[in-house]
Amino acid sequence: MATSFSASSLLRTKPRLSSSSYLFTFLAFILFSALILNTHDFLFIFRPHHDKPHPNTVLFSKPDDELTQSNTVPNEEKTEEERVCDLFNGRWVRDELTRPLYEESECPYIQPQLTCQEHGRPDKEYRRLRWQPHGCDLPKFNASLMLETLRGKRMMFIGDSLNRGQYVSLICLLHHLIPEHAKSMETFDSLTVFTAKEYNATIEFYWAPFLLESNSDNAVIHRVTDRIVRKGSINKHGRYWKGADILVFNTYLWWVTGSKMKILLGSFKDEVKEIVELPTEEAYRMAMKSMLRWVRMNIDPNKTKVFFTSMSPSHGKSIEWGGQEGGNCYNETTPIEDPSYWGSDSLKSIMQVIGEEFRKSKVPITFLNITQLSNYRKDAHTSIYKKQWNPLTPEQLANPASYSDCIHWCLPGLQDTWNELLFAKLFYP
């Protein structure tokens, strides 16, 4: 401090003051010092404490470029600790002691599209990387605490196959604590339910790639090229989400068609269908508005935690990170080290839409900004090491990059980190 005397020494120089005079003099000194020094150390005493945002509310007010870099809470709304510790801003480090968090062979719930070691991937370094935020450490995932928290509750992931990958990752992180006879997984059309019987808990995944009703809603047969989304139709799926205690939404990949999105204004049952075309960003905005409206009308924020996972990046153009033209994630075994890297497959305009719409939300939603940290992981995709549902042609076999999957992620791997971040935000908001 700039002054060399204390409040107590000042009071001792006035021995004949009454008790009320003592108090008045002490308060006057504090106010005088605050005005002179203009420090928060004094002023916080008089600041009301009821104007802090809900701990799970994520506020958006950064410009586009900053939205891509880290968690999107503006600095002026952050505490001192939060300004130092941004869990979404950091680097990948090699960690042989704690990685992987489980073995692929020990988790029977991983789909064959994600079991890279089983399908011949020769390297294992992608499994040994740990996310290290700048200025702090990511809390260690505690499976026991997670299961106890889920006791008597429903947790549901809602979205596309990327969200399903995160869902399966979470089950792989938890299931080893549950006896074989006390756990099960069943699928009912669009709904997959993992049950931990001794905990009376379920972890569920609901297939809804657009969140709204679409012609891609069949959980098995949904690879349609002419995608159509029905406006204002979130309740068709939303009725299955009611009553969940933790909701984790995602939607992005299916909106990126390379052209305008077709939006159905009526019903899929109409003989003559009224369809309009919207730019990707406006169609996506329509979905965000519907999701936020559904949350506001159907969720009690005192009982249900709501999360939204940002876009999962793909790595289809190796020239963007200094590789060969025409290449992609195939044969990539190390992450991108350029901290400013942002692939063209991750549309910043979509991040801007999310920011604009979430800023208006009156219901607390925690934003899991996994995009930047996942952008570095060109090495973590399934590539060619997955179950191939159709026989490969001689031309494909001669050029593995031509059938390499640079969208989905090997398990164990990157998506385990997404769940570590989810855990951190759930227990340390």
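Colleague: How do the residues of the lining of the largest cavity divide into nonpolar, polar and charged?

Modeller: In this scheme Ala, Val, Leu, Ile, Met, Phe, Trp, Tyr, Cys and Pro count as nonpolar, Asp, Glu, Lys and Arg as charged, and the others, Gly among them, as polar. The lining of the largest cavity has six nonpolar, two polar and four charged residues. The model is predicted: local features need pLDDT of at least 70 and side-chain atom pairs 80 or more, while totals for chains, interfaces and linings use all residues. Residues are numbered from 1 along each chain as its sequence is written, and side-chain values use heavy atoms, leaving out hydrogens and water.

Colleague: What is a cavity, and what volume has the largest cavity?

Modeller: On a 1 Å grid over the protein atoms alone, a cavity is a set of points where a 1.4 Å probe fits but cannot get out; lining residues have an atom within 4 Å of a point. A volume is the space filled by probe spheres set on the points, which are joined across faces, edges and corners. The largest cavity has about 60 Å³, and its lining includes Arg99, Tyr126 and Asp416.

Colleague: Which helix gives the most to that lining?

Modeller: Helices are DSSP runs (H or I, at least four residues), numbered from the N terminus. Helix α13 (residues 414-427) gives the most, with three residues.

Colleague: At what angle do the axes of α7 and α13 cross?

Modeller: Axes are lines fitted to C-alpha atoms, for helices over the stretch in contact (heavy atoms within 4.5 Å), and angles run from 0 to 180 degrees between N-to-C directions. Here α7 (residues 161-174) and α13 come within 8 Å and cross at roughly 75°; they are therefore roughly perpendicular, a term for 65 to 115 degrees.

Conventions: 1 Å grid on protein atoms, 1.4 Å probe; cavity = no way out; pocket = protein on both sides within 12 Å on 5 of 7 lines; lining within 4 Å. Helix = DSSP H or I, 4+ residues; strand = E, 2+ residues; numbered from the N terminus. Parallel < 35°, antiparallel > 145°, perpendicular 65-115°, else oblique.
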